[in-house]
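Please look over the fold and a few selected residues here. A short report follows.

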Amino acid sequence: MMTLRKFLQTGLLAIGASLATGTMAQTASPPPAKVVFQVSDGDAAKWNLALNNAKNVQQELGASKVQIEIVAYGPGIGMLKDDATTANRVSEAVQSGVQVVACENTMTALKLTKADMNKSIGYVPAGVVELMKRQSEGWAYIRP
């Protein structure tokens, strides 16, 4: 019959050997999921769909377990203006951890300045290039 002392010594030796050989299970959390949404339509319904999709992803996976970016360019950029019908929802999404970015190429073409835009958003030089970059980094791509 094994004594408690012998049992503990045997267990500690096994743990030490496992640590030395790196065979113990790793408990590191998995990297966050990543998704990028494209919005290039000037339709408020499309924007609301994209915002709903982003919120649903956060609810399903947990906001801390997913990185979400919404990239707007072309006609879709109008919904990022400070006075857009979607301005409050865009601000709420940003506050919840969604990164919303506007294409500066589109802004230049439409003669929009950062002063015209929702104060909570970010900017990228080229929306299409941002989408390409994110996809090459392994982000899931969604176009609502």
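## A surface methionine

Met132 sits in helix α5, which spans residues 127–136. The model is a predicted one. Met132 has a relative accessible area of 53%. The cut-off for exposed is over 50%, so Met132 counts as exposed.

Together with Val128 and Val129, Met132 makes a nonpolar surface patch of about 280 Å².

## Overall architecture

The protein has 5 helices and 5 strands. Read from the N terminus, the order of elements is α-β-α-β-α-β-α-β-α-β.

Of the 144 residues, 33% count as buried. The protein exposes about 8,900 Å². Carbon and sulfur atoms supply 58% of that area.

## Strands β2 and β3

Strands β2 and β3 run parallel and are joined by 4 bridges.

Strand β3 covers residues 99–103. This strand is mostly covered, with 4 of its 5 residues buried.

Ala63 lies in the loop that links α2 (44–61) to β2 (66–72). Its relative accessibility is 41%. Buried requires under 20% and exposed requires over 50%, so Ala63 counts as partly exposed.

Leaving aside residues up to four places away in sequence, Ala63 touches Gln58 and Ser96. Ala63 and Pro32 are 31 residues apart in sequence. In space, their C-alpha atoms are 9.5 Å apart.

Thr106 belongs to helix α4, residues 104–109. Is Thr106 buried or exposed? Its relative accessibility is 12%. That value falls under the 20% limit, so Thr106 counts as buried.

What does Thr106 touch, not counting residues up to four places away in sequence? The contacts are Tyr73, Gly74 and Ile77. With Gly74 there is also a polar approach: the backbone nitrogen of Gly74 lies 3.0 Å from a polar atom of the Thr106 side chain.

Key: Residues numbered from 1 in each chain as written. Predicted model: local features only at pLDDT ≥ 70, side-chain atom pairs only at ≥ 80, totals over all residues. Heavy atoms only, no water. Patch = residues over 30% accessible without salt bridge, like charges linked within 9 Å, V, L, I, M, F, W, Y side chains within 5 Å. Areas by Shrake-Rupley, 256 points an atom, 1.4 Å probe, with all protein chains shown as cover. Salt bridge = Lys/Arg side-chain N within 4 Å of Asp/Glu carboxyl O. Helix = DSSP H or I, 4+ residues; strand = E, 2+ residues; numbered from the N terminus. Buried < 20%, exposed > 50% of the residue type's maximum accessible area, 1.4 Å probe, protein only. Contact = heavy atoms within 4.5 Å. Polar contact = N/O pair within 3.5 Å; in protein donor to acceptor, adjacent residues only side chain to side chain. Pairing = 2+ DSSP bridges.
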